[in-house]
Amino acid sequence: MFLGGILNYHWIWGRQTVVGRNMVSRRARGLRHFLDAIRSAKTHEIESRCVTFELAKIRGKFEHARRRGGNAKMLSSYDFKKYACKLFYIRVLGYVVDFGLWETVVLMASRDLSEKATGYALASLLVDPASEDDTIQVFAIVRNDLKMSALAPGVNASFEVASLALSLVANCT
């Protein structure tokens, strides 16, 4: 609903949020700005600079979180998923992403279904089947998720987790 050209009302996760004309919702601002910057790049060089800058920023955030607490969960759940989605998009664009596998494993091991789905999607792009270390870490979580879904048959979440795990196995082999 657009009111007088100034305010725009959006429904986000069951709540009404008021946003200005040139703003997006607070919860998706960082990811949205990145996507807009990539889309508005006039040349490949500008796009490449934007991607390089964003990769450096994400790498710094992940390293800072590891130094502070030894795990990637020092970031909020939203920030963690946001950076994973940025890495996913950068990889889909064809750029090399040479970090983030450890954070992907942490997302895959999460109990939250949205984090798990984000982790599985990113793992399908980041895991190198030729690298034994990568596959051992990732497929240990896949095996665990498949065991857990077999223990709770009929539960929707376990069906979704099993689907994520099996699709990763199919895409990485």
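**Exercise 1. Find which residues lie nearest the centre of the largest pocket, and say which helices line it.**

Solution. 
Step 1. Sixteen residues, written as 16 in the count, line the largest pocket; Arg-111, Lys-116, Asp-145, Met-148 and Val-161 lie nearest its centre. The model is predicted.
Step 2. Assign the lining to helices. H5 (113-126), H6 (132-151) and H7 (156-172) each supply at least two residues.
Step 3. H6 gives the largest share of the lining, 5 residues.
Step 4. Sort the lining by class. There are 8 nonpolar, 4 polar and 4 charged residues.
Step 5. The largest pocket holds about 380 Å³ of space.

**Exercise 2. Describe the order of helices and strands along the chain.**

Solution. 
Step 1. Count the elements: the chain has 7 helices and 3 strands.
Step 2. The pattern reads β-β-β-α-α-α-α-α-α-α.
Step 3. Look at burial. Of the 173 residues in the chain, 34% are buried.
Step 4. Look at contact range. Take contacts between residues at least 6 apart in sequence; 55% of them join residues at least 24 apart.

**Exercise 3. Compare the span of helix H3 with its expected span, then list its buried residues.**

Solution. 
Step 1. Set the limits. H3 covers residues 77-92 and has 16 residues.
Step 2. Take the span from first C-alpha to last. H3 reaches 22 Å, close to the 22 Å expected at 1.5 Å a residue.
Step 3. Apply the burial cut-off, under 20% relative accessible area. The buried residues of H3 are Phe-80, Lys-82, Tyr-83, Ala-84, Lys-86, Leu-87 and Ile-90. The list includes two lysines, Lys-82 and Lys-86.
Step 4. Just after H3, Gly-94 takes a positive phi of about 105 degrees.

**Exercise 4. Identify the residues that touch the most other members of the largest nonpolar core, and trace the contacts of Leu-87.**

Solution. 
Step 1. The largest nonpolar core has 34 residues. Phe-62, Leu-87, Met-108, Val-138 and Leu-168 touch the most other members.
Step 2. Assign the core to elements. Two or more residues come from each of H1 (29-39), H2 (44-69), H3, H4 (101-108), H5, H6 and H7.
Step 3. Pick the main contributor. H2 gives the most to this core, with 6 residues.
Step 4. Follow Leu-87, a buried residue of H3. Leave aside its neighbours within four places in sequence. Leu-87 is then in contact with Leu-55, Ile-58, Phe-62, Val-97, Phe-99, Gly-100 and Leu-122.
Step 5. Cross-check with Step 1. One of these partners, Phe-62, is also among the core residues that touch the most other members.

Conventions
Residues are numbered from 1 along each chain as its sequence is written. This is a predicted model: local features need pLDDT of at least 70, side-chain atom pairs count only at pLDDT 80 or more; totals for chains, interfaces and linings use all residues. Side-chain values use heavy atoms; hydrogens and water are left out. Helices (H or I, at least four residues) and strands (E, at least two) are DSSP runs, numbered from the N terminus. The expected span of a helix is 1.5 Å times one less than its number of residues. Buried means under 20% relative accessible area, exposed over 50%, partly exposed in between (1.4 Å probe, protein chains only). On a 1 Å grid over the protein atoms alone, a cavity is a set of points where a 1.4 Å probe fits but cannot get out, and a pocket is an open set with protein on both sides within 12 Å along at least five of seven lines; lining residues have an atom within 4 Å of a point. Grid points are joined across faces, edges and corners, and a volume is the space filled by probe spheres set on the points. Ala, Val, Leu, Ile, Met, Phe, Trp, Tyr, Cys and Pro count as nonpolar, Asp, Glu, Lys and Arg as charged, and the others, Gly among them, as polar. A nonpolar core is a set of buried Ala, Val, Leu, Ile, Met, Phe, Trp, Tyr and Cys residues joined through side-chain atoms within 4.5 Å. Contact means heavy atoms within 4.5 Å.
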